[in-house]
Structures are given as C-alpha cells and as structure tokens.
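A short report is enough.

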Amino acid sequence: MQQSGVAFGTSGARGLVSAMKDSVCFAYTVGYLEHLARLGEFAPGTQVAIAGDLRPSTPRIIRACVAAIRYMKGKPVFCGFVPTPALCLHAFARGIPSLMVTGSHIPADRNGIKFNRAHGEFLKADEAAMRECDVTLPDGYFDATGALMAPVALPDVTDVGPAFVARYRDFFGPDALSGLTLGVYQHSAVGRDMLVDIIEALGGRAVPLGRTDSFTPVDTEAVRPEDTALAREWAADGTLDAILTTDGDSDRPLLADRAGNWLRGDVLGILAARALGAAAVTTPVSSNTALEQAGFAKTVHRTRIGSPFVVSAMTEAARAGDVPSVGFEANGGFLLASDVEHDGRTLAALPTRDSVLPMICALVAAHAREGGLDALVNTLPRRFTLSDRLVDMPTAQSQAQIARLAENPADGAATLGFTQSCGALSHVDETDGLRMTFDTGEIIHLRPSGNAPELRVYVEADSPRRAAELLQTGMDAISVWRHAPVPV
C-alpha cells in the first residue's frame, strides 16, 4: 500500500490509475479474500460478485480482480457495468462477497475498488484487519511493469438489472410517477439507462439528456458550474417536472426541481427519511441540521463522514429496535438498515449507498401535493448548506493546518476572519475535521477529503445568500494554505 500509493479512503481503495497496476489490484483482492476467509465468508468454491463503472481503466482492473478471485479458487460472478447498489442488492441477497471497481465521482485519471462483505459494506475494522494480511504475488503472473502476462477471460454477464428495477416498482407501484415528465442527465453514469428503466417502470416519462462517451466526474456534493448551467438550460422550457442524475457508479443522487435547481444531498436525505417514516436517522456531522429541527425522527446519530461509519451506527440503531433505521450522507447516498413496511408492501434493507430510493421518495411525496419539489423542500426548517473544495491540496498539508487551527480554534477563527463575519465561536466539533459553530448559528466546517488531495469546506446558514457568502469566506481564508509552509 505504501509503495503503490493506493490506500483506503472513505469508501474503498483509491489511487491514480497509473498506480493501480494489475499486480496492486490483484494483491488487494487476495488480501480481501484472505480476510473474508478468516471470518468464514470465503472459501474455495465461493461465488464473488464483481461489477464496474464506465471509466476507461475499469475493465482492466476488473480483469485483475477476476484473476485474483480465480487464484484464490473462488468463482467470479461478473455482473457487468451496473450501479453499485444493484451489485450489492444481488450479492447481499445471496450472502456472497462483492467488489465494485469504481472511482465514484473523482476524475478518470483515478479509480478504486470498493469491497463488500457477504451481507453489508466493509467497515473500518475490516480495512484494518485486511491491512494485516500477508500477500505473496504468485510467480509468472506479472511482467516487470506489474501487468498481467496472460489474458483474463471474463465470465458471461449475470444480469442484475431486472431485480434492481423490480425493487422500486414493487414497493412504490407501477403508477407512482404517472403524469410526471422527468429529465435524466445521463453523462457517463453507469446507471444511466437503468434509471430510465426505473422511471418508466413507475409510470413516469423519462427524457434522456446529456449522454457522454467520455467520463464526466459529476460530484453530487460539489456540483460543477457547468452542471448547474445545464440543469437550468434543460428546465427553461417548463416541460420537465424534475431532473435526475447520479455520480459515476450511481450510488449518489442529484435531483433538480422544475426550475433546474439542484437539491442538496442532505436535504434530499431528510425528505426521504421523513417519507419512509424513519424512527432512527444516522448521518455524518456535515449534514444539514434541519434534520434535528424537523423533529420527525425519534433518534438522530451523527458520525464521521463515510458510509462505513453511517452503516455501523444505523445498524446499531436497528439492533436497539429503533426502526425503520435509515442513514444518509451529505452527498445524497441513502442507506436502509432495516426493512420498511408501507401499505402492505415491504422494501427490504439495503445497507449500502443508493441513489434511486431518495429521489423516488421525494418525487412521490412532491407528486402528492401542490407545488412540486420546491414546495416540498419549503416544508423543512430553513437551514441551507453549501460546500466546495480546494483541489490539489496535499492531504498531509490539510491535516497539519487543521491540527494547528484546532489547538486554539477561537484565535484561529479570528485570524481567518470567521469571527468577524459570523460572531463569536460557540462550539467546536472534531468528529471529522474541524466544524465550527458561531453565536449566529452559522457553521463553517473544514475537512481533508478521504478520496483525493482536496480540502473540503462545508457551511450552513439560514438563507441561501448567507450560505454563499460564508462559503466564499471559507474558501478565501483557506486558499492561502495551499502555498503556506506546513506547520511543524
């Protein structure tokens, strides 16, 4: 891991494509299966499901992983190029391990492998145990550059799409979206066609938009200006009731109202949790505090950023009997720790990020009332979040700067200009990065990304205009850190 530069981030192993050589991906997969063998979830003859996204490097990495599965005497089940939640639905239902080759929303020069256990996501304890596995690469498999020397044939594709579509049709009903015309921003998302199928299976009319052949790094948490412009352009003629899209591996949603305004992922998560009647809601510390103010959940659990932390806490809530137990992230990914019952229909638990469920929940809820999505959003307490990122910021440098700020946050906030803008510092939360709450109720949260060399800024205020001002204040303040000496 140290030699290759391919390490665990917030969701699986990630690295530059140039670093993710066949030998590195092979070693990771062998270590993964050795760890599962110790847990009793893998043995020779065990099926291991695998799928991938549409970035150019994914097919090569899939072949390296398949070679490793066969080397360990497992049986690879190739599910094709499908959404992460579709792969997980198939694998969890059968109690088999699964791997998703994806870099999610990050640029195409990077990729990753997301590992799952037989019935749920890899947790941080699994990552730590996997690191301890001692893997020896077999002789004769790789050349001097780390490339596989022999071609790897993939198994025939196991089609997991119909079951994924049926999951939503059977719960919401074939007329749930009847009368709605919905744009689907397809770009290079691996679930772009399946999303159209789901809309049509629920009685809606899908209009494909913006399909691309090259990989487009759509980030549902830090929306690109060009994606903002596209949504408003598509919405301008008034024929669309909403616009739906996802990130690269289609586990994180992005939903726009009829005016082409993208909803924040944490707002979408609150709407979906409320629509499902959640008793317990788990979400990272960075998510919108309108959740607590809305008051519908019996318990709210705040965690570090990353689905493994959300999965762990929401699973504990379900075990404690607080059901339905759900989780969501600020990027919109929505997770079910327990089954949901409604009108005699059951939506089975799916403890991994899903992009489809929150968008359908919001659309169905909005369809049942006057005014559409924007009116539905206005039923929530008025709290507004925004985020951005300082790119090409080395993680070590971000961590060092934040550590120095945490030593004396009041003085640091004053030096950065935060107290002048927001008032006195009233609370500091170091659950993940440094989250500063001020007397005005405004929030500025600084955190190094777990997936890329980026420093993320999250803000929260009581109006969109003020949130935009806070975000600019935060970005201006930390921009000097990129060229500042690293604190000792």
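## Packing, pairing and charge

Leu202 touches Tyr168, Arg169, Phe172, Gly173, Pro174, Asp175, Ala176, Leu177, Ser178 and Ile360, leaving aside residues up to four places away in sequence. Contact here means heavy atoms within 4.5 Å. This is a predicted model: local features need pLDDT of at least 70, side-chain atom pairs count only at pLDDT 80 or more, and totals for chains, interfaces and linings use all residues. Residues are numbered from 1 along each chain as its sequence is written, and side-chain values use heavy atoms, with hydrogens and water left out.

**Cores.** Leu202 also belongs to the largest nonpolar core, which has 66 residues. Phe172, Leu202, Leu255, Phe334 and Leu357 touch the most other members. Helix H11 (residues 356–367) gives the most to this core, eight residues. A second, separate core has 35 residues, including Ala64, Leu99, Ile113 and Met130. A nonpolar core is a set of buried Ala, Val, Leu, Ile, Met, Phe, Trp, Tyr and Cys residues joined through side-chain atoms within 4.5 Å. Buried means under 20% relative accessible area, exposed over 50%, and partly exposed in between (1.4 Å probe, protein chains only). Nonpolar side chains tend to be buried together in soluble globular proteins.

**Helix H6.** Seven of the ten residues of H6 (residues 192–201) are buried, so the helix is largely enclosed by the rest of the structure. The buried ones are Arg192, Met194, Leu195, Val196, Ile198, Ile199 and Ala201. Their cover includes helices H3 (84–94), H5 (161–172) and H11, and strands S7 (181–187), S8 (205–211) and S9 (242–246). Gly203 follows H6, with a positive phi near 90°. Helices (H or I, at least four residues) and strands (E, at least two) are DSSP runs, numbered from the N terminus.

**The sheet.** Five strands form an open, mixed sheet in the order S12-S11-S13-S14-S17. Strands S12 (299–303) and S17 (350–354) stand at the edges with a single partner strand each, so one side of each has no neighbour in the sheet. Two strands pair if DSSP finds at least two bridges between them. S14 (residues 334–336) and S17 run antiparallel and are joined by two bridges. Phe334 stands opposite Asp354 in S17. Helix H8 (residues 265–275) lies across S11 (280–284), S13 (325–328) and S14, at about 165° to S13. Axes are lines fitted to C-alpha atoms, for helices over the stretch in contact, and angles run from 0 to 180 degrees between N-to-C directions.

**Cysteines.** The structure holds zero disulfides (cysteine sulfur pairs within 2.5 Å). The sulfur of Cys79 is 9.9 Å from the closest cysteine sulfur, in Cys88, which is too far for a bond. Cys79 is buried at 2% relative accessible area.

**Salt bridges.** The whole structure has 27 salt bridges. Each is a side-chain nitrogen of Lys or Arg within 4 Å of a carboxyl oxygen of Asp or Glu.

| Pair | Closest N to O |
|---|---|
| Asp219 and Arg389 | 3.5 Å |
| Arg466 and Glu442 | 2.7 Å |

Arg466 lies in helix H16 (residues 464–479) and Glu442 in the loop between strands S20 (434–438) and S21 (443–448), so the pair ties together parts 24 residues apart in sequence. Both Arg466 and Glu442 are buried.
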